[in-house]
Amino acid sequence: MSEDHSNSATETTTSTTIDAAIVGGGIAGLWLLNLLRRKGYSVLLFEADRIGCGQTLSSQGMIHGGLKYALSGSLTGASEAIASMPARWRDSLSGKGDVDLSGLEPLSDKYYMFAEAGSLGRLTSFFASKLLRGRIQKLAPARFPDGLSDFNGVVYELDDFVLDTQALLERLLEPVCSLVYNARIGAGDLRRTTDGWRLDLGSEAIIARQLILAAGAGTGKLLGELGFKSPRMQLRPLHQVVARHPDLHPLYAHCLTGLTRSEPRITITTHTDRLTDQRWLWYLGGQLATKGADLNSTDQKVRAYRELTTCVPWIDWDKADLQCLRIDRAEPAQDEGKRPDEAYVEAFDHTLVCLPTKLSLAPDLGDRVLARLQPPIEVKDSIALNLPRAGMGTSPWIQ
Ligand SMILES: Cc1cc2nc3c(=O)[nH]c(=O)nc-3n(C[C@H](O)[C@H](O)[C@H](O)COP(=O)(O)OP(=O)(O)OC[C@H]3O[C@@H](n4cnc5c(N)ncnc54)[C@H](O)[C@@H]3O)c2cc1C
């Protein structure tokens, strides 16, 4: 770490040089902070609000190998790029990965797909094909998971699993909490210097050799403020639904009944309900959330009720309490607003723009960032700034 004593009229503070300043405390920022610290980089992270309060705490937490993108009946770029991610995450959960998540228990160790008998068409032979061997397994009724014990159709088991994103972020924060500050970084706080970016933070300043923009939707804003015309970003709106009902059992599954396009009709994850005396709530995405993005919340609830009645007919949905939740996915711009296939890292001018595009792709994001960084500079002391620490956010259904 080196010190720079500036004495111009506008720069009276002493600045410390570090390898990287990360802007944004969602999965991208916290994953990278853990990874880079373990590789010996000096790094600080700045979060404008509470940890995870962008997309990450609203995520369904599925760590998937991309089979849900193969519902057109063929393996796509997206499904292949992501295929190795569940194994990478499992390494981390067992303490063997680049990022240590030991001690973190998944909400569910498996993920399922279910459909009314006879409604899958040619997907039935695709799921049974050699191409998918080892990635998907048709279950006998005796092995249906609890949440599908009253279901009379076909069920497949995938090697995907589900994490509680709040527990995940807490686990990631634990070893690095002294490096995570609460500060909104704006263009006015940033200035390019010969060897990186100067960040003016109240009475203090640091020089970061790399500015890592991991601020989700905030990255687009910051790039604009800084006068960068590219990379361009896109926001994909989602209208998620939270279902509360006294008879819910835990279920982690995509419903594929009567599928008419290559996206699960409903994607279900289950979470502890800390707001009511009911034990579980279901958090619902998939086509329900993408196709419902243009609906107001009253119409979205009507649509959710209709979809649930068709897809999960063994529950009486008249007794349900439904709540809607809007959130945008922040991604690099794609032709016609399509979904990107891989984690995105763009490097320019001592800056890395980082968009994982999916929680599952955090290990891929880490690989791409490491490939673009110079070796770390020598760090002699720990760096402590006179700024407040960033606190943890909470999942949107318990607010
Ligand atoms: C409803 C939903 C469900 C999803 N489900 C899944 C899933 O099941 N599986 C999967 O693989 N992916 C899923 N995803 C995608 C995944 O959640 C996102 O790709 C991922 O969380 C993005 O993380 P991030 O860290 O890039 O951004 P974010 O989580 O949005 O974090 C960005 C952070 O930056 C902060 N920030 C913004 N501007 C500034 C600034 N100027 N200064 C400082 N801080 C700033 C924000 O406050 C925020 O905390 C889902 C996404 C959504 C929206």
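What is the volume of the largest cavity? In this predicted model, the largest cavity has a volume of about 30 Å³. The ligand lies between domain 1 and domain 2, because both give residues to the shell around the ligand.

**Ligand surroundings**

- The ligand is surrounded by 36 residues, and E47, Q55, T56, M62 and S360 are the closest.
- By class, this shell holds 16 nonpolar, 16 polar and four charged residues.
- At least two shell residues come from each of α1 (27-38), β3 (43-47), β13 (233-244) and β17 (321-332).
- Domain 1 covers 3-56 + 167-232 + 337-398, and domain 2 covers 111-158 + 235-332.

**Backbone contacts and burial of the ligand**

- A polar backbone atom of Q55 is 2.9 Å from an oxygen atom of the ligand.
- For A28, a backbone N or O atom lies 3.0 Å from an oxygen atom of the ligand.
- For I27, the distance from a polar backbone atom to an oxygen atom of the ligand is 3.2 Å.
- The ligand taken alone exposes 1,000 Å², and the protein buries 95% of that area.

**Cavity**

- The count of cavities of 30 Å³ or more comes to one.
- W31, L35, R88, D98, V99, P363, G366 and D367 line the largest cavity.
- Two or more lining residues come from each of α1 and α9 (362-372), and α9 gives the most, with three residues.
- The lining of the largest cavity comprises four nonpolar, one polar and three charged residues.

Definitions and conventions. Residues are numbered from 1 along each chain as its sequence is written. This is a predicted model: local features need pLDDT of at least 70, side-chain atom pairs count only at pLDDT 80 or more; totals for chains, interfaces and linings use all residues. Side-chain values use heavy atoms; hydrogens and water are left out. A residue is near a molecule or strand if one of its heavy atoms lies within 4 Å of it. A polar contact is a pair of N or O atoms within 3.5 Å; within protein, one must be able to donate a hydrogen and the other to accept it, and residues adjacent in sequence count only if both atoms are side-chain atoms. Accessible areas come from the Shrake-Rupley method with a 1.4 Å probe; for residues, only the protein chains shown count as cover. Helices (H or I, at least four residues) and strands (E, at least two) are DSSP runs, numbered from the N terminus. Ala, Val, Leu, Ile, Met, Phe, Trp, Tyr, Cys and Pro count as nonpolar, Asp, Glu, Lys and Arg as charged, and the others, Gly among them, as polar. Domain bounds come from an automatic or database domain assignment. On a 1 Å grid over the protein atoms alone, a cavity is a set of points where a 1.4 Å probe fits but cannot get out, and a pocket is an open set with protein on both sides within 12 Å along at least five of seven lines; lining residues have an atom within 4 Å of a point. Grid points are joined across faces, edges and corners, and a volume is the space filled by probe spheres set on the points.
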